[in-house]
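Welcome! Take a look at the sequence and the structure below, and then we will go through a few of the features together.

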Amino acid sequence: MSSSQTTFSWLANQPMQRKIMMAIGMLLSLFVLAGLITLKALQQESLSRQQTSHTYDVQLQLSKIVQIAQASQIGARGYLLTQQPEELQDFQRANGQLAQAVEHLRALTADNPLQQLRLQQLDALSKQWQQQVEQSGVVAMRNIRATDPTARALEERRLQIDAFRHRVVKVTDMVALLDQMAATERLLLTQRNDALDKNIATVRAIAVASLILSVLLGIGLIWMTFRLITRPLQRMTELMTRLANHDHSIVIHQLHRRDEIGAIARALHVFKQMAIETRGKTWVKSSTSTITSKLQAVTDYRQFADLLTSELVPLLQAGIGVFYQYDEDSQRLALLGSYGYKQRRHIDTSYALGEGLVGQCAIERKPIVLQQVPDDYTRIHSGTGEAVPRSVTVLPLVLRERLLGVLELASFNHLNELQQHLLDELLPIVALSLENLGRALRTQALLQQTQEQANELRHSEEVLRRHQDDLTATNETLHARTIELQEQSQRLLASEEELRVQTEELQASNEELRQKGDILNQQKHVLEALQHETQEKAEELARASQYKSEFLANMSHELRTPLNSLLILSRSLADNREGNLDDEQIESARIIYDSGSSLLRLINDILDLSKVEAGKMELLLGDYPLVDLERTLKRTFNPVAQEKQLSFTVTIAPGLPAAIRTDAAKLEQIANNLIGNAFKFTSEGGVRVDIARPAATLALPQRLLGTPLLAIAVSDTGIGIASNKHNKVFHAFEQVDASTSRQYGGTGLGLTISRRIAELLGGDLLLDSEAGRGSVFTIVLPELAADTALEPSVHARHDEPPTSVRLPSSSALLPDTIDDDRAHLAPGDTVILIVEDDPVFARILADMVHRKGYRVLAAGDGESGLQLALRYRPTGILLDVMLPGMDGWTVIDRLKSEPGTRHIPVHFISAVDEASRGRELGAVGFLTKPVSREAIGGAFERLLHFAEGRTRHLLIVDDDADARAAVRTLLRHDGVVIDEAGSGEEALTMVLGNDYDCVVLDLGLPGMSGNQLLERLADSGRIPPVVVYSGRELSREESLQLRQYTDSIVVKGARSPERLMDEVSLFLHSMRSGGGAASVNRGIEHTLASDPLRDRKVLLVDDDMRNLFALSKVLRGWGMQVTMAQDGQKALKTLAEDGGNELVLMDIMMPVMDGYDTIRAIRAQPTFARLPIIALTAKAMRGDREKCLEAGASDYLSKPIDIDKLASMMRVWLHR
Amino acid sequence: MDTDLEDIELDLFVRTLQLRHGYDFSQYAPASLKRRVRQLARNLADGTISALIPRLLHQPELLAPVLEGLSVPVSEMFRDPPVFAALREHVLPLLASYPQINIWQAGCAHGQEVYSLAILLEEAGLYERTHIYATDFNEAALTLAQEGIYSAKEAQLWSRNYHAAGGKHSLADYYSARYDLLKLDQRLRRHVTFANHNLVADEVFCEAHLVLCRNVLIYFSNPLQNRTLALFRDSLVRGGFLCLGTRESLDFAPAAAEFEPVDAGLRIYRLPAGASRTARP
């Protein structure tokens, strides 16, 4: 190794790059040397070749010169022979060429002095030859002057011979010289070729030499490379492979070499160190993890200790390992497990802290290492022997400052670094594992405990389950029910609010009912209070009445006395015995007399009544035979019956007592009164008096039951009394109706007095009657009247008979009413009833009626007017509104509600200006006072027109005869004359020619359609009330069209006949103004020609047809031109198509497109940006106005519309 | 003492509502109103009515829930089937004689009755010439009514009602149910105008041949009932019909004097066909 080191000390230490460069450099220099030598040889060769070629050139030139010399000779000879100039020229030309050639050759052989010399000789020879030729030949020739050819020829011949003979220099000399030269050159060539050959040989030798040298050098280099590079690298690679195979025993040489090999060797050394270290660590790690993983699988402490020692001791190459566990509770270390340990007597299996090395280590928590162990310390046993360990190591097991145990190891060797490291690494993990094990064991213990408990539990569960099984069945049912309940409760929850709201509704309605109940209760209380009050009042009244009666009784005498004289005097005046009075005066006197008589009767009756009421009437009881009564009555009334041509009978039923005990005079008074009345109100038939027991049907008062009674019934066949008036007739000053007195007279006190007397006699007076069926007054008396022992009256009985006597027709009770013709009425008379409280105006009206030849009935107040109308059924009624008592509105209402009078036309003449109300109530006309005679005339016309003949004219327009017949059957009614028309044209003619009260119109007509007919009728101004009876449904537009003429439109259907009758009878009987025509002109009077509204064009938009037409009528009345639209879209369309609308009245609540949207749509068009739009809305809530204005309305008017306000608003917006 | 206090609170609440928002509830039946307001106070405030008042004053957005809470939108389709049967048998045939039929459903709540009416009319073949005005003062209710979407769980009851009212087909022909909801055929809405109308303040807006106002009057005091009936009277054509809730009657209302009973038990009334009525412009 050292030898090699020394051997390669210098070279080996060179870096590898340098080594390679050196090798390549040597090779390069060898090549360069060989190249240079070769180059040199080649140069030589080239030079040799050049010379050879030069020699050839010289030889060529030499031979050329020979030729030229020969040519020159030829030329000279030729000339001499021929004297031809051409020959001469050849000669001369050859001379020239010769000179040139010689010159050229001289140049070629400039390097060869020998040749140069020869050339000079040649040159001299040639010049000499030429001179010779020239002189002897040429010049001589020319100098021949002989013209004679022969001479000449001779001369020439001589010259020729001279020339040739005498010539010194010959061409042959020259050629010989040239040959010499050529020989020289040939020699030279041979020499040069030899040199060339020698050169080539040299080159060959050099090439071979360099080849051999190169091969040797290459071999040397390869060997050197192997020695210096490859082999060390191979060695390194081998080492690395071994290292990679974990062979850590490798020895690395050449560490000190300074080349790359050295660097690699050093790096490999480092790697080797690292590998050794890594293996140590890996060993530590793997040992650690092996032990750890094994420890983790351990399930108890002893196993743990055994495993720990058995694993660790071999690893540490120790002989004995002992593990003590620290028990915190007892503070002692207990032997837990060991390896290769044979227990000795003095070795405790348990140590306290600080006790022995183990205890000490436990306290210090640091490893303790003992090196020189005494012989009897402990021994390491094996099958082959035993020995004392040389080293003892005691290690604590600590985790988080907590001592877990102590491990003691005894070995022959000291622990090396790696083993120490392993211990360092392992012990904390072992500690951790130990603790984990402890924890796991504790957990296991707990688990076990838990499991035991669980077992117990399971056991008890078993028992329970058995119980449960029993319960399960029930439970399942319950569960199902629970689910059901849950669902129900969810449903309940969901509808809780709903329920609450419904409850609310229920509560509210209950409250409503309760409230109603309360109101009833209150009313009951009020009634009770009223009753009480009434009773008190009644008592008060009774007292007052008594005072009154007494007063009247006292007054009677005082009154009668002057009245008597008045009667007598007036009577005598009226008789006009002296004959000095004119008719008028007589009439006046008669009136005074009649009035006086009436007054007297009145006073008498009042006295009677007052006497009864004051209890001052005395009774004279005695037995009164019934036959006496019969006789008396017959005697009294037979003459009356004969006079009135009525029958009169008195019957006495069998089985009655012969006489009754009563006051005969009083009984007669009552009977007379009743029978008198009966005759008075009976114009045909008769009067009968039946004396019998009271009939079972008779409604006897309670007090009379149980006593034997007698009934004297007075029956007549007169006008009778309506059942609702039955009580009234018994009241003082009351008759069935006020008009009765006018026809029949009487004070109205008779029945009152009669009843009072009957009561006085212990009986009663009963009435059974119906209007128009006659009446039955029944006096009910006890057979034996109780002696009521009335105080004998202090006043004398009045003398006058109690029966009423016919009075003059003008009633004393209605002093303001004018005379009328009620007494002279005949059937077929046209009678006008005037109800008017102003007698002056009434008289004027009466005069006018009379002048027209009609009869007059007059009433000064509503009540009597109504009665007159009921009784006499006048042809027409002129009615005032402001009347005493019942006003005109009530009168007409009552007239219209009474079937008997509803057809009678009523015309108002009043100071009140409420024409529309009058018309609403069914009046045919309304005049406002003061009125002109012409206006009154018109009113009569109108009344008579409507009243005419009492028959109604009805026109049925339908193209189908069957349909007409059906309607005719439906509407056939007394007093209705029905005409039929089959076409529009026919109908038009008929309507224009007659006055129809109503037209029933089918729209679908051939020819002129129903609509056209209505249009034509409207144009003619004579449109009667129309009921449209349509066989098909109508569109909204069609309805709108028709509404101009009528609002009675009936679409045929199952229930339509019913409505058709309603509508038609409405026109026939209540005189409704038929649709538009009649009222269109209303209000026109109020607008002046200058009114800004006149002739202005307005668009009216409303879906409410009533409103649409009502408003349009008003607007037209103001002279405006009205276009109508039923909804927003139609309004927009109308605006777009029909320009010139100056104002829009816009309803807000409409279907399809409401007012807001419509206004916005209108405003969106620039044309209508400033078009006045007045919104009409039923909405009155806050913000509705703002909404209208926001939408773009110019102004706002809320419904119901105040017409005056509308007018002024429109005037503002239409102001020009 | 407590009730007195609450009466004062209620009074203040009603006046606040009127002064601040223009809604007049002073004419509502007090007992019912008090319960509704109490409920509102529980839902929207801390339980006392007076706590509700400042919120009502300063939070305009509270108006909608308050109105919603004050109205009692209880209804079902074909509620009280005999009433609808009577309408079908006795009223519609007479209405058929009018070329155009306007029906005013006053207080339409969530619209069930509107759709019931529409179905009734459709089946009677009258719907094409009918227009229904469905009004309520409660905007939220109107919106719901227009949607026509209801809980499907009511469908069974409604179907029973429908058949009891003499329905000719199946109610299912008129709705489609999905999930837990059913939506009524929107074609039924084609002749319905839903509009806000307050019976307390607003006026007549249409000429009606039939007015339905069921279970609304019970919440009103007598003067308000009278006003409302006068509105109906003025709105109706002569011979027009009025149908009230089965617990409501026309007694004690002077404005109702003109109505004649058609079926007093079912609260269907009619204006006399011959009575002379004219428009009130």
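How many residues of chain A are in contact with how many residues of chain B? In this predicted model, 54 residues of chain A are in contact with 43 residues of chain B, where contact means that the C-beta atoms, placed from the backbone, lie within 7 Å.

Local features need pLDDT of at least 70 and side-chain atom pairs count only at pLDDT 80 or more, while totals for chains, interfaces and linings use all residues. Residues are numbered from 1 along each chain as its sequence is written, and chains are lettered from A in the order in which they are written.

**Where chain A touches chain B**
- Helix 12 (496–575) of chain A is among the elements that supply at least two residues each to this side; helices (H or I, at least four residues) and strands (E, at least two) are DSSP runs, numbered from the N terminus.
- Helix 12 of chain A gives the most, with twelve residues.
- The residues on this side of chain A divide into 23 nonpolar, 13 polar and 18 charged; Asp, Glu, Lys and Arg count as charged, Ala, Val, Leu, Ile, Met, Phe, Trp, Tyr, Cys and Pro as nonpolar, and the others, Gly among them, as polar.

**A sheet in chain A**
- Six strands of chain A form an open sheet in the order 3-2-1-8-7-4, with antiparallel pairing (two strands pair if DSSP finds at least two bridges between them).
- Strand 3 (350–352) and strand 4 (368–370) of chain A are the edge strands, each pairing on one side only.
- Nine bridges join strand 7 (residues 391–399) and strand 8 (residues 402–411) of chain A in the antiparallel sense.
- Ser411(A), in strand 8 of chain A, is the bridge partner of Ser391(A).

Note on methods. Two residues are in contact if their C-beta atoms, placed from the backbone, lie within 7 Å.
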